[in-house]
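Thanks, everyone. Please look at the display while I talk.

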Amino acid sequence: GLTIATARGDRVIRTDRVVMTDGRVHGVHLWYGPAEAEPPQRPLPGAWMCNRNLRSSLTPQFLLNIGKDPGMEPLSGRSIADDLPADSFNEGESEALSLAVDGSPGRTFAANWSFRDGRGAFRRVGFCIRIILETDADGNEHPVGRSMNISESVSDGPLSADQLAQRVID
């Protein structure tokens, strides 16, 4: 992670790396605030990687963010279907799945959606994915989806897009 002062020096940008189990950095968790302040407690992002043969690997935090118990689930060699809701897809989940399965390198997607997890708790999740070409041990290139999610458990129903955006900014 980094801490970078702004030009005036009264604010800082703090970043924490979001790392996949293979050690690759997926992105950063960003906080911006007063120079003397520490970032508040906040939801932690999880990382997920999938390839065209429909296998995936993920971090324990990714499982927590989708309402699953990391102690009861494998982290690698998973079928993408293992990480999908059991009942129906919302629009964001459908688009994310289609990109993960049939995306072209260079494509990206980000969305927010609400759902009830396996324990019945209402959750909101933010999800982003990018498709990149990665070279395997044999030197062959394959399209791979690298994504992150972040979630919060809430007691009320869905927020409008404007309210959710404001909570993310806050």
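Begin with strand 1, residues 2–5, and strand 2, residues 11–19: these two pair in the antiparallel sense over four bridges. This is a predicted model, so keep that in mind throughout. For a reference point in that pairing, find Ile-4, which stands opposite Ile-13 in strand 2. Strand 1 and strand 2 form a hairpin with five residues between the strands, and Gly-9 there takes a positive phi near 85°.

Now the next pairing. Strand 2 also pairs with strand 3 in the antiparallel sense, over nine bridges. Here the reference point is Val-18, which stands opposite Gly-27 in strand 3. This hairpin too has five residues between its strands, and in the turn Gly-23 has a positive phi of about 90°.

That brings me to His-26, which lies in strand 3, residues 25–34. Is His-26 buried or exposed? Its relative accessibility is 5%, and the cut-off for buried is under 20%, so His-26 counts as buried.

What surrounds His-26? Setting aside neighbours within four places in sequence, His-26 is in contact with Val-18, Met-20, Ala-47, Trp-48, Met-49, Arg-130, Arg-146, Ser-147 and Met-148.

Key. Residues numbered from 1 in each chain as written. Predicted model: local features only at pLDDT ≥ 70, side-chain atom pairs only at ≥ 80, totals over all residues. Heavy atoms only, no water. Buried < 20%, exposed > 50% of the residue type's maximum accessible area, 1.4 Å probe, protein only. Contact = heavy atoms within 4.5 Å. Pairing = 2+ DSSP bridges.
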